[in-house]
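Subject: A structure to look at

Hi,

Here is the structure I promised you. Please open it and keep it beside this email as you read.

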Amino acid sequence: MSSAPVLVLDIDGVVSLAQPGSAEPWYATLKQDLGLDYAEIEREFFHGAFDEVLRGRLDLHVALHGYLDSKGIADRREEFIAYWFEKDAVIDRAVLAEADAWRKRTGGRCFAASNQEHYRVAYLRDQAGLGAHFDEIVYSAALGVCKPDRVFFTSAQVRMGVTAAQSILFVDDRATNVDGARMAGWRAMLYRGPASLSQALAHWG
């Protein structure tokens, strides 16, 4: 176990910029490209069975097959996943550069901590290249619990091998997640763009 400085970044909204609610969400041209209605998918899948997928209780392919089969388009599962993963991997290289520079300057470790399922984590790590920038991506499906639950943060701390909670600086774009991290004893800040991260890292570690 280590108490050296640790930087932990959220993925969607900090490292990846195409999440729902962003200026250009990954599904912006979904209707045009695939003929699928995101509002319907969000309501019936992402706010339904996907909650169990995020907690590692249900495989993404199984859950999505069930949903698409109910629409008579189960054969489009792979096409939809490939589209989603590619479009939802708009990586902010400036943020990664800040994290890399911090790690080089301080000798600290850097992790990602996110509500994700297994397949997308593998895509982000291996295909989108995030694996080169983080010691590990710690995520909800592997821990069995989602942010902002306090157990997510305490379990993540064990997974990261960190002794002192106060040696962690966590950066997230959602206030509820920042509050959850603080409840677990972590230092945490609300992300407000690359400049806010740069300023924080200048004084961390």
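Predicted model: local features only at pLDDT ≥ 70, side-chain atom pairs only at ≥ 80, totals over all residues.

Start with E117. Find it in the loop between β2 (109–114) and α7 (118–127). E117 is buried, yet it has no salt bridge. Which side chain of opposite charge is nearest to E117? That is R120, 6.7 Å away. A salt bridge needs the charged atoms within 4 Å.

Beyond its neighbours within four places in sequence, E117 is in contact with F50, V53, L54, L60, F85, Y139 and A141.

Now the cores. In soluble globular proteins, nonpolar side chains tend to be buried together. The largest nonpolar core here has 28 residues. Within this core, L7, L9, V15, L130, F134 and V171 touch the most other members. Several elements give two or more residues to it, among them β1 (6–9), β3 (136–139) and β4 (168–172). α6 gives the most, with four residues.

Look at F134 next. Leaving aside neighbours within four places in sequence, F134 is in contact with L9, V15, L96, R103, C110, F111 and A112.

There is also a second, separate core, of 24 residues. It includes L36, I41, V53 and Y67. V53 is also one of the residues in contact with E117.

Best wishes

Technical notes
Residues numbered from 1 in each chain as written. Heavy atoms only, no water. Buried < 20%, exposed > 50% of the residue type's maximum accessible area, 1.4 Å probe, protein only. Lys, Arg positive; Asp, Glu negative; His and termini not counted. Contact = heavy atoms within 4.5 Å. Core = buried A, V, L, I, M, F, W, Y, C linked by side-chain atoms within 4.5 Å.
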